[in-house]
Amino acid sequence: MAEVLVYVDHVDGAVRKPTLELLTLARRIGEPVAVALGNGAADTAAVLAEHGAVKVLTHDASEYADYLVVPKVDALQAAHEAVSPAAVLVPSSAEGKEIAARLALRIGSGIITDAVDLEAGGEGPVATQSVFAASFTTKSRVSKGTPVITVKPNSAAVEAAPAAGTVEALAVTFSEKATGTKVTARTPRESTGRPELTEAAIVVSGGRGVNGAENFSIIEALADSLGAAVGASRAAVDAGWYPHTNQVGQTGKSVSPQLYIANGISGAIQHRAGMQTSKTIVAVNKDAEAPIFELVDYGVVGDLFDVVPQLTDEIKAR
Ligand code: FAD
């Protein structure tokens, strides 16, 4: 069976969930070979093996410490040469997409970004994408070279599938460009303790109906009762009620959680573009004619200031 390279997104050996999702998808098209780089790379092996990695290629060097992408591209290229895989899968983060694009260019391959599903095909893996503000679903495959595919978080359920997970050291020679850039300063963002918006299994969002920055506390309280991330519509962000980093939509982030709860959001096409692929959608809106109700699984017609605190209390009581 053909091998499929999976780029491992981890923090000091703790593997992030999108990588485990990639392993699930990789098993549909071949045998996953994971590539783990940087501090704690070898510590990722056990969890990767539990989720189907037949082999884990590891490499650590100081070059990886500063979040620069070129050393990682060098390593992934070395892994590509060593394995000759049927495909290379990378999580669709900002970093993942840059790594994938640079790798595809280096190895002369085609790239598919932001896939939401993956299946085996006679002429290579077939990727599903949601395009044009989520108005269409397309299926495509790479017709030149080894397909390099980035996959959006929450596109597949994580499934355990124990495999050998043999650890092997990857031989990497860094290119000149790998050391050509230096990080001069780093300012860590204050942590909210909530999950990352694009990776969260549950997202609770607020829109213009929240009517003020101070009222976002009720959206946050509901999010915290569910262990969710907080999102916002552009109207709420433009009004200065919530940070731009939390905007969901065409010009914000694209999320695909198991559960998306939209509060006081009308459901404009540009907002839908960023959340339409959520598995279950719930909306609270006082206007029964609001377009958001066209795509919900469950809708509550009511005032969010009545409904949301009651929902939070009920969830906390369980
Ligand atoms: P509104 O459309 O004003 O809706 C507010 C809703 O709240 C209404 O349905 C109302 O009934 C309800 N409401 C009011 N009070 C209450 C209450 N007390 N209880 C319950 N419900 C209540 N938008 C995005 O979100 N993300 C994007 O990335 C984005 N990109 C854009 C890109 C472009 C190029 C353009 C042109 C627009 C973009 N927009 C984006 C803006 C988008 O068109 C809408 O204007 C925006 O999504 C509206 O936000 P909203 O639903 O919060 O506000």
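User: How many bridges join strand 14 to strand 15?

Analyst: Quick background: this is a predicted model, where local features need pLDDT of at least 70, side-chain atom pairs count only at pLDDT 80 or more, and totals for chains, interfaces and linings use all residues. Residues are numbered from 1 along each chain as its sequence is written, and side-chain values use heavy atoms, leaving out hydrogens and water. Strands are DSSP runs of E with at least two residues, helices are H or I runs with at least four, both numbered from the N terminus, and two strands pair if DSSP finds at least two bridges between them. Strand 14 (residues 259–263) and strand 15 (residues 280–285) run parallel, and the bridges joining them number five.

User: Which residue in strand 15 stands opposite A262?

Analyst: Look along strand 15 for the residue facing A262. That's A283.

User: Which strands stand at the edges of the open sheet?

Analyst: The five strands have the order 13-12-14-15-16, with parallel pairing.

User: Are helix 3 and helix 4 parallel or oblique to each other?

Analyst: Axes are lines fitted to C-alpha atoms, for helices over the stretch in contact, and angles run from 0 to 180 degrees between N-to-C directions. The axes of helix 3 (residues 70–83) and helix 4 (residues 94–107) come within 9 Å and cross at roughly 50°. Under 35 degrees counts as roughly parallel, over 145 as roughly antiparallel, 65 to 115 as roughly perpendicular and the rest as oblique. Helix 3 and helix 4 are therefore oblique.
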